[in-house]
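Hi everyone, thanks for making time this morning. Let me put the picture up, and then we can walk through it together.

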Amino acid sequence: MKKLIAAVAAAVMVLGAATGLSACGGDGGNGHEHVWNDGEITTLPTCAVAGVKTFRCTVEGCTESYTEPVEKIAHDFTGEWVEVDESGHARKCANCDEVGEEAEAHGFVEDTERLIPATCHSDGKKIYVCDGCGAEKTEDITERPEHDFTGEWVEVDESGHARKCADCETIDEDIITHTYKETLEYNNDGHRQVCEDCGFGTEFVGHEFDGGTVVVEAAFNRKGEVRYVCGCGYEKTEETGFAEANYREEFTVSPDDDCPWVYGTVEYTWRPENFTFTAATETTDEAWKADGNEIKAGWINSDGNVAIGYKIAAGITKIKYDLSYTGGGDDPGRFSVRIWRTAADGTLVGNSVFISQNADGGEVTASGEMETAEGETVYLIFFHESGWSQVDDFNYVLTNVTPQN
């Protein structure tokens with residue numbers, strides 16, 4: 001097009017020269033004939049865009065010019081390789097994004113660092129990369145290795161266990177009989193055998209305890225403790241409660257200084273009601289004797305008023321008493337029984353408790369509770385109403401029932 005414009009312009013100039021007219025206006029309307037230079041490339045051509053060549057008039061004072069296009073230059077297919085398809089690649093133009101038509105086959109090389117080996121439970125994968133354009137392709141590895149049965153032992157059932165594959169969850173079909181530990185596993189409810197390889201445990205069976213070992217001796221003001229041990233090694237400790245103060249079982253003719261039991265006679269007054277206790281000092285091999293009275297385990301020979309006392313230890317605020325006896329001898333007569341408490345200084349505390357009477361040798365039983373305190377002595381006092389008599393099968397038990405926190 002520009003060449004056409006240039007040709008037309010030249011024809012006009014020739015026509016102007018022939019007619020003596022200028023192709024452009026000048027001062028005073030005087031024209032001149034353009035004299036064009038050889039032209040100058042003002043825009044370089046590329047493979048994507050045509051260039052521009054500009055021609056200018058050389059007549060002094062004239063600023064006229066015209067342009068002609070400059071053809072594009074050829075592509076320079078020396079740029080980077082570009083993937084064309086899965087079969088090959090081609091060069092890209094060094095100056096634009098045009099890709100050449102001359103394709104070459106990919107040069108695939110395995111990327112060993114990205115290899116995914118096949119395992120016993122999954123296929124593997126090889127990855128290849130073209131060393132020219134970077135295109136990738138993969139290849140499955142379908143040949144899997146055998147299971148590696150060197151993993152942990154796994155319980156199969158109560159009969160045995162088997163190895164697990166070191167690389168997956170598959171369990172070997174070769175079942176091995178359980179190997180039980182020498183020591184039993186136990187809890188509060190029982191014990192069982194445990195396989196030392198897979199941890200399988202048999203059903204728990206109940207403990208079989210020994211006869212028990214006293215670890216804390218029970219006392220009237222202290223609960224006892226007994227430890228029981230099963231053959232499996234499990235231990236349990238149980239409280240045995242407070243020890244009873246049992247006259248019949250604890251009777252002795254020669255107690256030490258700490259013995260809480262005392263035996264003797266009383267002088268009783270009624271107005272005001274009070275008594276004076278005198279401890280027996282004379283003894284035989286099996287009894288205390290005082291003023292014709294005898295007191296021994298399970299038996300009392302009475303010719304007056306006799307008393308049995310028990311001194312209360314620390315921390316006790318309430319006791320329970322249980323009493324039983326049968327009148328005996330040639331004339332059982334009638335016994336009135338009372339319980340009194342005395343403070344540490346001997347003064348009476350609270351009211352007396354009337355237990356019962358027995359007539360003609362009848363059996364007497366009585367039980368009850370009473371408040372008490374440290375240092376007090378609880379006296380059980382027999383009043384024989386008609387002279388000499390005996391008490392057979394006598395037992396007197398005190399129990400600590402102090403509330404526990």
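I'll talk about salt bridges, then a pair of hairpins.

First, some housekeeping: this is a predicted model, where local features need pLDDT of at least 70, side-chain atom pairs count only at pLDDT 80 or more, and totals for chains, interfaces and linings use all residues. Residues are numbered from 1 along each chain as its sequence is written, and side-chain values use heavy atoms, with hydrogens and water left out.

How many salt bridges are there? With a side-chain nitrogen of Lys or Arg within 4 Å of a carboxyl oxygen of Asp or Glu as the rule, the count is 18. Take E136 and R114, whose closest N and O atoms are 2.9 Å apart. They sit 22 residues apart, with E136 in strand 9 (residues 136-141); strands here are DSSP runs of E, at least two residues, numbered from the N terminus.

Next, K164 and E169 form a salt bridge at 3.3 Å, N to O. Buried or exposed? K164 is buried at 15% relative accessibility, while E169 is exposed at 63%; buried means under 20% relative accessible area, exposed over 50%, partly exposed in between, with a 1.4 Å probe and protein chains only.

Now the hairpins. Strand 22 (residues 288-290) runs antiparallel to strand 23 (residues 293-296), joined by three bridges; pairing takes at least two DSSP bridges. In that turn, D291 has a positive phi of about 55°. Strand 23 also pairs with strand 24 (residues 299-302), again antiparallel with three bridges, and there G298 has a positive phi near 75°.

Conventions. Helix = DSSP H or I, 4+ residues; strand = E, 2+ residues; numbered from the N terminus.
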